[in-house]
Amino acid sequence: MFRSRSKDEKAPTEQVTADLSKQTRDPEAPKGRPTPKRSEAQSQRRRAQTAPVDRKEAMKRQREARRADLARQREALNSGDDRYLPARDKGPVRRFVRDFVDSRFAVAEFFLPMAVVILVLSLFGNTNRQLQNISLLLWAGVIAMIVVDSIGIWIRLRKQLATRFPNESKRGAIAYGLMRTLQMRRLRLPKPQVKRGERP
């Protein structure tokens, strides 16, 4: 009852499975997968042919691909094409913030030229006490104007974003806009796409 089967009893089943595996598939029987389109098959063959053979070739292709991506990104920063922009500049929220900032004057964008003027005045202030006092007052005035203007932009921008994009993530958008105001208009990247006074 519990005896093990003999070799003769095991043999027929092994022979049947071997015979089944050797049988050729009927040409009219279904394959179990769809036939690929000619274009797909050709692209797969091309990919197999163009696959890099060694590590050096793979690195070279990777460098070329990176160079092409950077070139596309530079072009997008000039044209404003959203598809190839860096991740920090992508999306409708960031585009609106850029247009909002670029459409108006901001005190902060004139900080650099004003800083140069104040620096020159302070250098001459070593010999003239009155010029030194004027340069210090100008520093305080410029910083105060930038702070007041930035608070105004922050309030208006937050209100506009809440109205226009109620269901989208606005994280970091206001800081992004305020950082853009610190750059001179012609040096901003992505390049401004709206004129002064033109509302986004």
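A salt bridge here is a side-chain nitrogen of Lys or Arg within 4 Å of a carboxyl oxygen of Asp or Glu. By that rule the count comes to eight salt bridges. The model is predicted, so local features need pLDDT of at least 70 and side-chain atom pairs count only at pLDDT 80 or more, while totals for chains, interfaces and linings use all residues. Residues are numbered from 1 along each chain as its sequence is written, and side-chain values use heavy atoms, with hydrogens and water left out.

The overall layout is quick to describe. The chain has seven helices and zero strands, which gives α-α-α-α-α-α-α from the N terminus on. Helices (H or I, at least four residues) and strands (E, at least two) are DSSP runs, numbered from the N terminus. Of the 200 residues, 22% count as buried; buried means under 20% relative accessible area, exposed over 50%, and partly exposed in between (1.4 Å probe, protein chains only).

Back to the charged pairs. Side chains of opposite charge can pair when their charged atoms come close. D81 is partly exposed at 23% relative accessibility, and R83 is exposed at 59%. Another salt bridge joins the side chains of D89 and R88 at 3.3 Å, N to O, and D89 is buried at 0% relative accessibility.

A further salt bridge brings the side chains of R188 and D102 to 2.7 Å, N to O. R188 lies in the segment after α7 (173–181) and D102 in helix α4, so this pair ties together parts that are 86 residues apart in sequence. R188 is buried, at 0% relative accessibility, and D102 is buried too, with a relative accessible area of 0%. Both belong to a network of salt bridges that links D102, E109, R180, R188 and R196.

On a 1 Å grid over the protein atoms alone, a cavity is a set of points where a 1.4 Å probe fits but cannot get out, and lining residues have an atom within 4 Å of a point. Grid points are joined across faces, edges and corners, and a volume is the space filled by probe spheres set on the points. The count comes to one cavity of 30 Å³ or more, and about 40 Å³ of space lies in the largest cavity. Its lining consists of R95, R98, D99, D102, R180, P190, K191, P192 and Q193. Helix α4 (residues 92–102) gives the most to this lining, with four residues. By class, the lining has two nonpolar, one polar and six charged residues, where Ala, Val, Leu, Ile, Met, Phe, Trp, Tyr, Cys and Pro count as nonpolar, Asp, Glu, Lys and Arg as charged, and the others, Gly among them, as polar.

On the surface, I143, V147, I151, W154 and I155 form a nonpolar patch with about 440 Å² of accessible area together. Patches are made of residues with over 30% relative accessible area and no salt bridge, with like charges joined within 9 Å and nonpolar side chains (Val, Leu, Ile, Met, Phe, Trp, Tyr) within 5 Å; accessible areas come from the Shrake-Rupley method with a 1.4 Å probe, and for residues only the protein chains shown count as cover. I155 sits in helix α6 (residues 129–164) and is partly exposed, at 40%. L157 is also placed in helix α6, but L157 is buried at 0% relative accessibility. The C-alpha atoms of L157 and F96 are separated by 9.6 Å, with the two residues 61 apart along the chain.

How values were computed
On a 1 Å grid over the protein atoms alone, a cavity is a set of points where a 1.4 Å probe fits but cannot get out, and a pocket is an open set with protein on both sides within 12 Å along at least five of seven lines; lining residues have an atom within 4 Å of a point.
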